[in-house]
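Dear colleague,

I am handing over the structure we spoke about, and you will find it directly below. My notes on what was found in it follow, arranged by topic so that you can check each point against the atoms.

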Amino acid sequence: MADRVTINEVGPRDGLQSQSRMLSVSQRLQLVRALAAAGISRIEAGSFVSPKAVPAMADTDKLLQSLDRRGTASYSFLIPNMKGYELARNAGAESVTMVIYASEIMARKNARMGMADAERAAWKIIDLARADGIEVIVIVAVAFGCPFEGVVNPGTVHDIATRFVAAGIHRLVLADTIGAAHPAQVSALLTPLARHHGPGAFGCHFHDTRAMALANVYAALTAGVRWFDSSIGGLGGCPFAPGASGNVATEDVVVMLRQMGLETGIDAAGLLAASDLATKLTGTAPGGRVREWLRGQLTKSESRKL
Ligand code: COA
Ligand code: ZN
């Protein structure tokens, strides 16, 4: 295995978008800053979506403009459509994450357009972004299972990969939006994709609804994937996907990778501080099984690089 893995921290977006407690922009900013201070190099800091649909993500432009972008972290912003792209670009985003779908009903529920229209919007955005000098990450929602259509046909995801990876997009992230995937399924999907297109093109995004997210990370790692979305404290969930629970916790992924000898560049004390802050701000800590163990380790020794 290559020895470096990128953690794309999605707590400030996926983690906060359906919390019952709504955070202010300055609280969201505080969380993003704590995550960056822990050495996390990629952070999905918010989304440019309708504030009526997702009030927790309102004023992401203000958050973006307050970020210190001279540091080592880079920030991406989730967008569902062209309007989201324009808002992100106008606010000064350097990277956007456009959502496409492996199921027709999920596309309509989340973006009020069909799968093909979402893809068409993604292509237009990719073209514009090339000219604007903005990175585009494409995330495939419900790539493993859909709350409305059930198990997703792997052929659908293979076809999407063939279209997007062949066109040289920066990264295609396969999302288990509702946490329905199991490790054998992850392996069966990712192994041929990685063999055919190269593992560097892919990332994975797992939710922990059925307690298999960490096992799914391992399965994807074994297939060669080296980019994982995860959320501080295991916060997370999509308001438009019934049954979706928290993402795999960043703490758990980072500690597992470290024990396996894979480098993330994340500082343990900083991670714990961000984790405690996430709990303090949201009033909930649905995940992060390893946190108390980590706290115990840190009282024994000074900050360690994980
Ligand atoms: N950012 C901000 N506002 C947006 C927007 C975006 N990306 N896309 C649409 N809107 C606004 C429209 O301007 C309109 O505002 P108005 O009511 O003040 O006029 C309103 O949303 C509804 O627009 P409409 O044209 O009816 O809907 P739409 O088909 O363009 O798109 C969605 C609506 C689904 C894209 C929008 O509801 C949305 O952003 N949903 C959130 C999706 C999400 O974040 N899911 C979880 C993460 S995957
Ligand atoms: Zn998610």
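**Salt bridges and what they connect**

A salt bridge joins E94 and R69, whose closest N and O atoms lie 3.6 Å apart. Its two partners come from distant parts of the chain, 25 residues apart, with E94 in the loop between α4 (82–91) and β4 (95–101) and R69 in the loop between α3 (60–66) and β3 (74–79). R69 is partly exposed, its relative accessible area being 34%. Please keep in mind throughout that this is a predicted model, and that the distances quoted here are computed from its coordinates.

The count of salt bridges comes to 16. Another of them pairs the side chains of E135 and R42, with 2.7 Å from N to O. This pair, too, links distant parts of the chain, since E135 belongs to strand β5 (residues 135–141) and R42 to strand β2 (residues 42–47), 93 residues apart. R42 is buried, with a relative accessible area of 12%.

Because they are three residues apart in helix α6 (residues 115–132), about one helical turn separates R130 from D127. R130 is exposed at a relative accessible area of 54%, and D127 also counts as exposed, at 51%. Elsewhere, D276, R291, E292 and R295 are joined into one network by salt bridges that share partners.

**The zinc site**

Which residues coordinate the zinc ion (ligand 2)? The donors are D14 through OD, H205 through NE2 and H207 through NE2, at 1.9 to 2.1 Å. Along the sequence, these donor residues follow the spacing D-x190-H-x1-H. D14 lies in helix α1 and H207 in the loop between β9 (202–206) and α9, so this pair ties together parts of the chain that are 193 residues apart in sequence. Both D14 and H207 are buried.

The largest pocket holds about 820 Å³ of space. It is lined by 40 residues, of which F48, V49, S50, V54 and P80 are the closest to its centre. Several elements, namely α1 (11–15), α3, α4, β4, α5 (104–111) and β5, each supply at least two residues of this lining, and α4 gives the most, with five residues. Sorted by class, the lining of the largest pocket consists of 21 nonpolar, twelve polar and seven charged residues.

For the second largest pocket, the volume is about 320 Å³. Here the lining is made up of 21 residues, and those closest to the centre are D208, A249, D252, G288 and R289. Helices α9 (213–222) and α10 (250–259) each contribute at least two residues to this lining, with the largest share, four residues, coming from α10. The lining of the second largest pocket divides into eleven nonpolar, seven polar and three charged residues.

**Cysteines**

How many disulfides does the structure hold? The number is zero. C204 is in no disulfide, and the nearest cysteine sulfur, which belongs to C238, is 18 Å away.

C204 lies in strand β9. Its C-alpha is 9.5 Å in space from the C-alpha of V140, although C204 and V140 are 64 residues apart in sequence.

With kind regards

Technical notes
Residues are numbered from 1 along each chain as its sequence is written. Chains are lettered from A and ligands numbered from 1 in the order in which they are written. This is a predicted model: local features need pLDDT of at least 70, side-chain atom pairs count only at pLDDT 80 or more; totals for chains, interfaces and linings use all residues. Side-chain values use heavy atoms; hydrogens and water are left out. A salt bridge is a side-chain nitrogen of Lys or Arg within 4 Å of a carboxyl oxygen of Asp or Glu. Buried means under 20% relative accessible area, exposed over 50%, partly exposed in between (1.4 Å probe, protein chains only). On a 1 Å grid over the protein atoms alone, a cavity is a set of points where a 1.4 Å probe fits but cannot get out, and a pocket is an open set with protein on both sides within 12 Å along at least five of seven lines; lining residues have an atom within 4 Å of a point. Grid points are joined across faces, edges and corners, and a volume is the space filled by probe spheres set on the points. Ala, Val, Leu, Ile, Met, Phe, Trp, Tyr, Cys and Pro count as nonpolar, Asp, Glu, Lys and Arg as charged, and the others, Gly among them, as polar. Donors are N, O and S atoms within 2.8 Å of the metal (3.2 Å for Na, K and Ca); water is not among the atoms, so sites may look incomplete. A disulfide is a pair of cysteine sulfur atoms within 2.5 Å.
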